[in-house]
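Here is a short briefing on one protein chain. Look over the sequence and the 3D view before reading the points.

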Amino acid sequence: PPTLAGRIAYDPALPAARDQLTQRMPMGSVLKAFAVYERPFWRDDRLTGQALNLHDPVPVTFDATRPGGPGVLGALVPGRAAQRLAALPASERRAMIVGSLVRAFGHAAREPLEWHEKVWADDPYTRGGYGAFFPPGVLTTLGSALRHPVGAIHWAGSETATEWSGYVEGAIRSGERAAAEVLAADRSAATA
């Protein structure tokens, strides 16, 4: 992620535009949680497992059940709501998220068999999620440095994708682009 690339000590130093771009690309805030149940009970009521309630601590839920597996409800909490929940003790955070699941799917959601959660801002290898964002003016003033190689350094990652930016598909495409750049540079150097 750009925010982590900005923590690397470069020698020689990065060009000012690239360094300033990296400084101005913070990661978003997101929390993901998965509640595991014996079976996908919500389907008994012909519910999809998807819910959208922008006034609830958990604005988005989805059915993450694998075929033949236990029932799994996923909860996505972005932005300020993720920051508020992340500041709570884990037990309070879990209670609030489960409360949202109960409001959406009934009392059967009250006691999951397993609980998994991730506060992406706490992850030392991402420092947030889903991706970096560009505050106003950043792309128009420094955007040209986003994909421009610096010596032997070629930039890849979801944020550098020309399609599907913010998704794993974009990260893969940007990796392919950066690899093609490196191969082209090697071929050019070999023929020189």
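How exposed is Glu181, in terms of relative accessible area? Glu181 is partly exposed, at a relative accessible area of 22%. Buried means under 20%, so a value of 22% does not count as buried. Keep in mind that this is a predicted model.

**Confidence**
- The average pLDDT of the chain is 93.
- A score of at least 70 is reached by 100% of the residues.
- Helix H1 (residues 2–5) has the lowest confidence in the chain, with a mean of 88.
- Strand E1 has the highest, at 97.

**Strand E1 and its partners**
- Strand E4 (residues 71–78) runs antiparallel to E1, and 8 bridges join the two.
- Within this pairing, Tyr37 is opposite Gly71 of E4.
- E1 also pairs with strand E5 (residues 114–119), again in the antiparallel sense, over 6 bridges.
- Here Ala35 is opposite Trp115 of E5.

**Salt bridges: the idea and the count**
- Side chains of opposite charge can pair when their charged atoms come close.
- The whole structure holds 8 salt bridges.

**Arg103 and Asp56**
- Arg103 and Asp56 form a salt bridge, with 2.8 Å between the closest N and O atoms.
- Arg103 sits in helix H4 (residues 90–105), while Asp56 sits in the loop between strands E2 (51–52) and E3 (60–63), so the pair ties together parts that are 47 residues apart in sequence.
- Arg103 is exposed, with a relative accessible area of 54%.
- Asp56 counts as buried, at 13% relative accessibility.

**Glu163 and Arg173**
- A salt bridge joins Glu163 to Arg173, and their closest N and O atoms are 3.0 Å apart.
- Glu163 belongs to the loop between helix H5 (138–142) and helix H6 (168–191), and Arg173 belongs to H6, so the pair ties together parts that are 10 residues apart in sequence.
- Glu163 is partly exposed, at 44% relative accessible area.
- Arg173 is partly exposed too, at 33%.
- Glu163, Arg173 and Glu169 are linked in a network of salt bridges.

**Glu181 and Arg177**
- Glu181 forms a salt bridge with Arg177, the closest N and O atoms lying 2.9 Å apart.
- Both residues are in helix H6, 4 residues apart, which is about one turn of the helix.

Key
Residues are numbered from 1 along each chain as its sequence is written. This is a predicted model: local features need pLDDT of at least 70, side-chain atom pairs count only at pLDDT 80 or more; totals for chains, interfaces and linings use all residues. Side-chain values use heavy atoms; hydrogens and water are left out. Two strands pair if DSSP finds at least two bridges between them. pLDDT is the predictor's confidence in each residue, from 0 to 100. A salt bridge is a side-chain nitrogen of Lys or Arg within 4 Å of a carboxyl oxygen of Asp or Glu. Buried means under 20% relative accessible area, exposed over 50%, partly exposed in between (1.4 Å probe, protein chains only).
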